[in-house]
Amino acid sequence: MAIKITDECINCGACEPECPNNAIYDAGVSWKFAEGTALEGVIDFGDGVTLDANAAQDAISDEVYYIVSDKCTECVGFHDEPQCAAVCPVDCCVEDEEIVETEEELLAKKAWLHAE
């Protein structure tokens with residue numbers, strides 16, 4: 001599962017620097033696939049959808065820090081546990097039941113994000 005940040009977030013920012021994929025953003029801040037990854041140029045998602053890796057994407061939350069699920073690998077391949085959850089002082093970094101991925105899928109996403 002991807003990790004999500006609940007609205008119990010106190011906006012302390014402890015999680016943001018811990019993410020090895022730069023998948024965590026402050027409330028209201030736009031994000032890019034290229035930030036913190038090896039992705040560049042046009043990304044082809046394989047389903048007919050393409051996107052410029054450097055194009056700014058709309059913020060997912062205007063209220064609290066948020067995690068971009070397309071960039072979240074639950075720290076698989078980097079750490080033994082999601083680092084955002086490990087450092088969160090209010091335990092609001094939790095598994096997102098709506099986005100379930102196997103370890104193999106998370107490792108493949110890591111390889112894709114970091115051109116491995």
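Good morning. I begin with the largest nonpolar core, which has 16 residues, and in which Ile5, Cys15, Ile24, Ile67, Cys84 and Cys93 touch the most other members. A nonpolar core here is a set of buried Ala, Val, Leu, Ile, Met, Phe, Trp, Tyr and Cys residues joined through side-chain atoms within 4.5 Å. Buried means under 20% relative accessible area, exposed over 50%, and partly exposed in between, with a 1.4 Å probe and protein chains only. Apart from this core lies another, of 10 residues, including Tyr25, Trp31, Ala34 and Ile43. In soluble globular proteins, nonpolar side chains tend to be buried together.

A word on the model. It is predicted, so local features need pLDDT of at least 70 and side-chain atom pairs count only at pLDDT 80 or more, while totals for chains, interfaces and linings use all residues. Residues are numbered from 1 along each chain as its sequence is written, and side-chain values use heavy atoms, with hydrogens and water left out.

Let us turn to the cysteines. How many disulfides does the structure hold? There are zero, a disulfide being a pair of cysteine sulfur atoms within 2.5 Å. For Cys72, the nearest cysteine sulfur is that of Cys84, 6.4 Å away. The sulfur of Cys84 has its closest cysteine sulfur in Cys93, at 4.1 Å, which is too far for a bond. Cys72 is buried, at 7% relative accessible area, and Cys84 is buried, also at 7%.

Next, the charged residues. A salt bridge is a side-chain nitrogen of Lys or Arg within 4 Å of a carboxyl oxygen of Asp or Glu. The whole structure has three salt bridges. One joins Lys4 and Glu97, at 3.5 Å from N to O. This pair links distant parts of the chain, 93 residues apart, with Lys4 in strand E1 (residues 3-5). Lys4 is partly exposed at 28%, whereas Glu97 is exposed at 52%. Another salt bridge joins Glu101 to Lys109, at 3.0 Å, and Lys109 is buried at 11%. Glu116 pairs with Lys110, their closest N and O atoms being 2.8 Å apart. Here Glu116 is exposed at 60%, while Lys110 is buried at 10%.

Conventions:
Helix = DSSP H or I, 4+ residues; strand = E, 2+ residues; numbered from the N terminus.
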